[in-house]
Each structure stands twice: as structure tokens, then as C-alpha cells.
Amino acid sequence: MKVLVADRQLVRPGDCLAILEEGIISNEIKRYPDKHIYVLDNKVYSDVLGIVYIEDKDINVIPLESVYYPRKDDTVIGIVDSIGVTSWSIDIRAPYKAILPGSDVIEGFNPITHNLRNYLDTGDLILAKIAIFDRTRDPMLTTKGKGLGKILEGVVVEIKPSKVARLVGKKGSMYNLLSSKSGCDITIAQNGYVWLKCKDEYVTKVLIEAIRLIELKAHIRGLTEEVRVFLESKLGEGK
Amino acid sequence: MSGKPVLIRDGLRIDGRKPEELRPVRIALGVLKNANGSALVEYGNTKALAAVYGPREALPKHISLPDRAVLRVRYHMAPFSTTERKSPAPSRREIELSKVIREALESVVFTSQFPRASIDVFIEILQADGGTRTTGLTAASLALADAGIPMRDLVIGVAVGKVDGVLVLDINELEDEYGEADLPVGIMPNTGEIVLLQLNGVLTSGEFKQALDMAYKGVEQIYKTAKEAMYRKYYKMFEEVR
């Protein structure tokens with residue numbers, strides 16, 4: 001494979017990123033939606049405006065902007081949108097409304113005796129996991145699991161869904177840094193919400209600033225180090 | 001209106017351009033905050049603003065498709081975009097242009113990635129001076145790229161016309177009104193595929209080939225400006241921090 005672009009370069013839709021040497025030439029488009037590339041005539045193209053990451057033989061484009069696309073087993077934070085007789089409709093910032101069945105939250109659920117509004121009302125925030133999603137139907141959520149359920153305390157911060165990966169960092173490096181330096185309980189939801197539970201307001205404010213910094217500088221090298229310096233200057237060493 | 005003006009004098013056009021010269025092109029990305037993606041494109045005095053929303057839930061539900069996203073395009077001219085007030089109600093012409101622009105964009109956007117969703121594109125012509133559909137098409141494709149919607153390539157539009165027997169690139173209102181032919185083209189700049197082509201008037205097959213060649217050259221130049229605009233947006237993200 002001959003790579004034509006530099007690592008961390010800005011690429012546009014339709015830019016040729018690399019030429020494959022092996023394989024059969026086919027004039028049919030083969031797409032790799034997760035990597036935001038497609039292959040045509042043994043050439044690799046980008047399909048979004050974003051930054052290209054090259055690792056060994058792997059090419060990956062991270063878009064500058066994107067919407068959240070649900071995937072099975074993702075942890076998401078959703079807002080209760082509307083209430084039906086047997087289920088809630090949850091806004092998870094995706095092209096599809098998610099469904100949380102009443103039987104998932106209430107044991108021995110019976111639509112005649114139970115009123116869903118008594119458990120979760122519109123506007124409530126929940127931490128949930130995507131139980132089923134297969135593109136043909138709306139995603140189904142579940143709140144069964146450790147730490148899942150209604151969010152009762154703390155602060156929920158909104159970030160761009162395309163920056164979630166950066167906030168977690170390589171093998172969770174950024175996430176570990178943020179939680180160890182601040183001592184807060186941080187939950188990063190895949191759909192671009194971050195839930196913070198801190199001891200006091202000042203730490204929360206510093207942490208939000210740090211998250212905004214990461215969001216803006218997502219493509220800069222050595223960002224983890226910069227965030228470390230930022231947190232230490234505001235909060236002091238260790239903690 | 002009085003008689004037809006002289007459109008070519010001493011080899012120069014009515015606005016002083018050479019036949020193969022574009023009007024000054026200006027492009028800005030991400031100009032609207034509420035939209036997922038937006039672009040403002042100017043070809044001389046023609047200004048088009050495009051906004052993209054989505055992929056989002058397709059409403060009303062019955063328009064959604066089981067295997068791909070629906071692309072909805074609205075091309076609209078602002079009442080103040082022309083010298084005489086244009087009624088804001090969509091005209092026959094605007095409905096047609098919405099359709100041809102939608103079909104041009106459908107061939108580049110990977111709609112199959114978002115089944116049952118919708119991608120809404122709004123193109124508003126703020127000022128009209130010829131070539132509004134091509135300006136609108138360029139703006140729409142850039143707004144789609146700005147929204148991070150997966151697509152094969154961008155689409156750049158440009159029109160070629162024939163005035164006083166001379167082929168000219170990127171015609172303006174006067175040249176369109178009094179010229180002999182108008183050929184708007186939408187081209188994918190990397191692959192060179194044509195996704196929009198209309199012809200109003202008469203061209204010989206030789207002239208047609210020459211006109212297409214001119215369009216390709218024009219697209220190349222506009223694409224360069226578009227690339228710069230995309231870089232600017234990216235660098236702006238850094239400057240906000242400092």
C-alpha cells in the first residue's frame with residue numbers, strides 16, 4: 001500500500017489517501033463506514049471532511065463534525081422525550097428515537113396498574129445502554145446494569161459526538177487523567193454527553209473547562225500533557 | 001427593457017472579464033450555528049447560502065425509506081434577491097431546480113448509511129446575478145461536507161454560456177438573458193464525473209465539447225478556493241483556543 005497523505009492531515013470527501021498494490025481491481029465501491037473511507041479501483045478515498053490517522057497499514061479518518069450513530073452495547077445518556085402506555089421515547093441525539101420499555105425499569109410491569117410518568121417524566125436524564133439496534137428498527141435501551149438508570153445528581157456536559165474518542169484517549173489515558181487529577185466520578189457516554197459527579201463546584205468548573213479544551217484542540221499532538229499541566233495549575237499537584 | 005446590449009467588445013465581456021475567466025469566488029464554511037453544516041458561496045454578485053440538517057428523524061414518518069436516508073432539497077430565492085421583488089412562494093422553476101440539485105447530490109451522498117432518516121438541505125439565494133443553481137449546488141455540497149455527512153466527493157457547479165457567438169465561462173445575468181446558450185454543469189472534482197447537466201439554447205457538438213472543457217477548468221479553480229475554505233474552518237478551530 002502506498003500512502004499519499006501525511007498523518008493527521010486534513011482530508012476532504014473524495015481525496016485519494018492511498019493506492020493498494022494487492023487485490024483485484026473492482027469498479028464497485030467498497031465502504032468502511034467506521035473508518036470513513038471507501039475503496040474504488042484499488043484506491044482508498046476519504047468520505048468525510050476530517051483528519052486522517054495512519055497507523056502501520058491502517059487508515060482511519062476522524063470527521064470534524066458528525067452526528068451520533070447508535071451501536072449495540074454503547075453507553076448513552078438520553079433525555080426522556082415522550083411517554084407512551086408501555087414505553088418511553090428517549091432522545092439520544094441520534095437520527096432515531098430510542099425506546100425504553102416499561103418492563104425494563106419496573107418489575108412485574110403492568111400497563112394497567114403502573115403509570116410510567118411516576119418513574120421517569122419528560123425531561124429526565126437517564127444513563128442507559130443500547131440493548132438492541134439493527135438499523136431496521138429504532139434502538140432499544142436498557143437500564144439494567146451497574147450504574148445505569150436515572151441521573152439524579154451532578155452535571156451533564158454536552159460535547160460533539162466526534163470528539164468522544166479524544167476525551168477517552170488511547171486506552172483511556174485522557175479519561176484516567178481527568179478522573180485521577182480531579183477526583184470526580186466521570187461517565188463518558190458515546191453519544192457526546194459527559195456526566196460529572198464532583199465534591200465541589202470549583203472542581204466541576206475546572207473539569208468543564210478542561211473538557212472544552214480537549215474538544216477544541218482534539219487534533220493536536222501532546223494534548224494529554226497539556227491537559228495535565230492545565231489541571232495541575234488549577235487544582236494543584238496530585239489529589 | 002431596451003434592446004440587446006453589446007456583450008463582447010474587443011474580446012472582453014460586458015463586466016470586463018476574458019471569455020475563460022471566472023467571477024471572483026468566495027467561500028465560507030460553518031456560517032450558521034443552528035445547522036449541522038452550512039456554507040456561503042459567492043460567484044461574483046451571486047450569493048447562495050446553504051444549510052444542512054441531519055441525518056435526523058424523517059418527519060412525517062411516511063416519507064422515510066427502509067433502506068436509505070431521504071434527501072430533501074429546497075432551492076429558494078429570497079424575495080430581495082432580484083431587482084424586482086420575487087414572490088416568496090416556490091415557483092415552477094424553483095421546484096425544478098430543487099429536483100435537479102437533489103438528484104445531483106443523491107449521486108454523491110452515501111444515503112444507505114442512514115436508513116429511515118432524512119438529510120435536509122436548504123439553499124437560499126440571497127442575491128441573484130446568473131448561475132444561481134450552480135452556486136447553490138456548490139454551497140449545498142460544501143454544507144454537506146461541513147455537516148460531516150459521508151459522501152463520495154464534493155460537487156462543484158459552474159455554467160458555460162454562448163454570447164455573441166463566443167463561449168464564455170460562468171455567465172452572469174445579462175449574458176444569460178441576451179446570450180444564445182446556457183450550460184450549467186455539476187462536476188465531481190476528484191473523479192471528474194458529471195452529476196448535473198442542463199442546456200438552454202443551441203450549441204453545436206464541437207461547441208458543446210469545448211464548453212465542457214471550459215467547465216472542467218472552471219471547476220478546478222473553484223475547487224481550489226473550496227479547499228482553502230475548508231482549511232480555514234479547520235484552522236479557525238485552533239485560533240479559538242488561543
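**Chain contacts and helix packing in a predicted model**

User: In this predicted model, which residue of chain B forms a salt bridge with A:Asp138?

Analyst: The model is predicted, and side-chain atom pairs count only at pLDDT 80 or more. The closest N and O atoms of the pair are 3.0 Å apart, and a salt bridge needs them within 4 Å. The partner of A:Asp138 is B:Arg116.

User: How many salt bridges does the rule find across the interface of chain A and chain B?

Analyst: Over all chains, the structure holds 38 salt bridges. Across the interface of chain A and chain B, the number found by the rule is three.

User: What is the area buried between chain A and chain B?

Analyst: The size of an interface is often given as the accessible area lost when the parts come together. Here 37 residues of chain A are in contact with 35 residues of chain B. Carbon and sulfur atoms give 60% of the buried area, which comes to about 3100 Å².

User: Which residues of chain A lose the most area to chain B?

Analyst: Three residues together account for 18% of what the chain A side buries. They are A:Arg12, A:Glu65 and A:Leu216.

User: Are H3(A) and H4(A) roughly parallel or roughly antiparallel to each other?

Analyst: Helix H3 covers residues 173-182 of chain A and helix H4 covers residues 201-216 of chain A. Their axes come within 11 Å and cross at roughly 160°. Angles over 145 degrees count as roughly antiparallel. H3(A) and H4(A) are therefore roughly antiparallel.

User: How many nonpolar residues does the contact of H3(A) with H4(A) have?

Analyst: On the H3(A) side the contact is made by A:Met174, A:Leu178 and A:Ser182, and on the H4(A) side by A:Val203, A:Leu207, A:Ala210 and A:Ile214. By class, one residue is polar, none is charged, and the number of nonpolar residues is six.

User: Is H3(A) roughly parallel or roughly antiparallel to H5(A)?

Analyst: Helix H5 spans residues 223-235 of chain A, and its axis comes within 10 Å of that of H3(A), crossing at roughly 10°. Angles under 35 degrees count as roughly parallel. The crossing therefore makes H3(A), relative to H5(A), roughly parallel.

User: How many charged residues does the contact of H3(A) with H5(A) have?

Analyst: The residues making this contact include A:Lys181 of H3(A) and A:Arg228 and A:Glu232 of H5(A). By class, seven residues are nonpolar, two are polar, and the number that are charged is three.

User: How many residues apart in sequence are the parts that A:Glu232 and A:Lys181 tie together?

Analyst: The side chains of A:Glu232 and A:Lys181 meet in a salt bridge, at 2.8 Å from N to O. A:Glu232 lies in helix H5 of chain A and A:Lys181 in helix H3 of chain A, so the pair ties together parts whose separation in sequence is 51 residues.

User: What kind of peptide bond joins B:Gly54 and B:Pro55?

Analyst: B:Pro55 is found in strand S5 of chain B, residues 46-57. Most peptide bonds are trans. Between B:Gly54 and B:Pro55, omega is about 5°, and the bond is cis.

User: What is the phi of A:Arg8?

Analyst: A:Arg8 is found in the loop between strand S1 (2-3) and strand S2 (10-11) of chain A. Most residues other than glycine have a negative phi. A:Arg8 is not a glycine, yet its phi is positive, at about 65°.

Note on methods. Residues numbered from 1 in each chain as written. Chains lettered and ligands numbered in written order. Predicted model: local features only at pLDDT ≥ 70, side-chain atom pairs only at ≥ 80, totals over all residues. Heavy atoms only, no water. Axes fitted to C-alpha atoms, helices over the stretch in contact; angles between N-to-C directions. Helix = DSSP H or I, 4+ residues; strand = E, 2+ residues; numbered from the N terminus. Parallel < 35°, antiparallel > 145°, perpendicular 65-115°, else oblique. Contact = heavy atoms within 4.5 Å. Nonpolar A, V, L, I, M, F, W, Y, C, P; charged D, E, K, R; others polar. Buried area = accessible area lost by both parts, 1.4 Å probe.
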